[in-house]
Amino acid sequence: MTERTSFNDLPISNEIKRAVAEMGFEEATFIQSQSIPLILEGHDIIGQSQTGTGKTAAFGIPIIEKINPDLAGHTQVLILCPTRELAIQGCEELRKFAKYKHSIGVVPIYGGQLIDRQINSLKKGAEIVIGTPGRIMDHLRRRTLKLPHLSMIVLDEADEMLNMGFREDIETILKDVPEGTQNLLFSATMPPEIMKITHQYQNDPKIVKLTQKQVTVPNIRQFYYEVPNGKKIETLARLLDFYNPKRSMVFCNTKRMVDELVGELQFRGYAPDGLHGDMKQQARTTVMNSFKSGKVDILIATDVAARGIDVDDIDVVFNFDLPQDPEYYIHRIGRTGRAGKSGISCTLVVGRHQLRDIRDIEQHIKTKIELKKIPSIDEINEVRNDKLIESLLTILKDDDFRKYEPLLDRLISQEYTTVEIASAALALLSEHVADDIQLDTLIQQQKSDRDTKSRKQNSPDKHFKKDKSDKSSDTGTQYYVINVGTDDKVKPKHIVDAITDVTGLPAGIVGNIMIHASHAIVEIQKNYSDLVYREMKGSTIKGKTVAIKSKRNKSKKNK
């Protein structure tokens, strides 16, 4: 069988073929074309392939085909997966595949949802139950989930379940399933712990594995950047400006780093959001929906939290932290370059030890990762100028711009040349793309000013007297990021007016304001910053409810 096969050529029912066609699939992936016939024949399976290769369909389609209508209402299939997101997504996919297979119930059970609701769903009867090991164990102990009619069990993302500490739960569940239950195991990696499970609980399993050549995606350009210690965030910001992706993912190794990086990028005027295991289910769902819909264009996530996100048009993947396992590298970069599109992966490398890790990854994936220089400000400006010219050429192809010719005549009548007018218009148009650089310059200038003041205050010159009325030298300023911008037709005046209205403070306590498309960065005198934060949170600017986050002083974090 070739790597890709038409679903019409697979031994599946017309009902499934119809459902698959409605979902827009024409060809099966390698893992699907190899696994589906073997599972239908009753074999135990070990399937190894990274996320994004269609594993849910690989086991989901034959599962639905093998449901016994004579046992309707009884749990016949149990699927274990590491996260709530995967349980929810898997349930949605299975229901789509079963659309024309009448009376097949699929119930997801996972932590973070009221257990009474799940108990009621199970009482109504479900042929397929999909959930996280901990919550499945909970239902087994309560006897609200019973398995006497179980014929198939699936371990999806088995390596992640072990990494998350579910080994004991998994083995307890496997020991309780009826003898002869068909056992399917899918995993991106095959560490020794996984192999022990397969030897103990599977019966002569068939192995379906993508080779390294098949895993390595040729339409992903892979780069790495050597980053000075302490400059990773600044480097990431430059790369975001340089590549200017419409949608990107940034991978971190820890939940703490996800939260910190979200705050840092928001402070710099980007529109990121984060995803990790400590977030409540409602927050996770909101973040993922925002990313899928395009409201959030930068998703920062841990490896585990990113499992279950299925988005085809991610332009660039950034490895902010070097992955701890070469297999995770494959999983991460596989988020881009999907559906026949090209993609880019960028990995930040700090120190000689991580350079050795990059070499290990290259050897594992049998592909050279190209070293790139960190782009300079001039190079970023050149990219921005190219995009500006591209936008202008698009406008020039449409005669709609001619309605502004009377304005041009008025300006020419004031003795400005057409070159001067055009240059001024370009300057006005390109102002927004310079905001990030202006902010960095502003921060550096203020740091320089504070250092200069500090040197003067500590100077032995007896003639120097500190101006006691200058409170800024004592208190400084605080930056806030608020969720209104040019997309909301907000101008600096609207922000200042809102602050003065809700706090009763004078406008002079507001410093620089930089407005981006979806965010604004506002500078406030620090001795009034707490009041501004409390009063602005939940207030409105031009009818929009304000969300506000502060740029916290790093020295305070460490105290």
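Thr198 is buried, with a relative accessible area of 3% (buried means under 20% and exposed over 50%, with partly exposed in between, for a 1.4 Å probe and protein chains only). This residue sits in helix H9, residues 192-201; helices here are DSSP runs of H or I with at least four residues, strands are E runs of at least two, and both are numbered from the N terminus. A polar atom of the Thr198 side chain lies 2.7 Å from the backbone oxygen of Met195. Leaving aside residues up to four places away in sequence, Thr198 touches Ile46 and Leu185, where contact means heavy atoms within 4.5 Å.

The model is predicted, so local features need pLDDT of at least 70 and side-chain atom pairs count only at pLDDT 80 or more, while totals for chains, interfaces and linings use all residues. Residues are numbered from 1 along each chain as its sequence is written, and side-chain values use heavy atoms, with hydrogens and water left out.

On to helix packing. Two packed helices are described by the angle between their axes and the distance between the axes. The axes of helix H11 (residues 232-243) and helix H17 (residues 377-396) come within 8 Å and cross at roughly 30°; axes are lines fitted to C-alpha atoms, for helices over the stretch in contact, with angles from 0 to 180 degrees between N-to-C directions. H11 and H17 are therefore roughly parallel to each other (angles under 35 degrees count as roughly parallel, over 145 as roughly antiparallel, 65 to 115 as roughly perpendicular and the rest as oblique). From H11, the contact takes in Arg238, Asp241 and Phe242, and from H17 it takes in Ile377, Glu379, Ile380, Val383 and Arg384.

Helix H22 (residues 492-503) meets helix H23 (residues 529-536) with the axes within 9 Å and a crossing of roughly 95°. That makes H22 roughly perpendicular to H23. Ala498, Ile499, Val502 and Thr503 of H22 make the contact with Leu531, Val532, Glu535 and Met536 of H23.

Two loop residues have a backbone worth a look. Glu157 is not a glycine, yet has a positive phi of about 55°. Its place is the loop between strand S7 (152-155) and helix H7 (158-163), and Glu157 is buried at 2% relative accessible area. Lys489, also not a glycine, has a positive phi of about 60°. Lys489 lies in the loop between strand S17 (477-482) and H22, and at 62% relative accessibility Lys489 counts as exposed.

How values were computed: A polar contact is a pair of N or O atoms within 3.5 Å; within protein, one must be able to donate a hydrogen and the other to accept it, and residues adjacent in sequence count only if both atoms are side-chain atoms.
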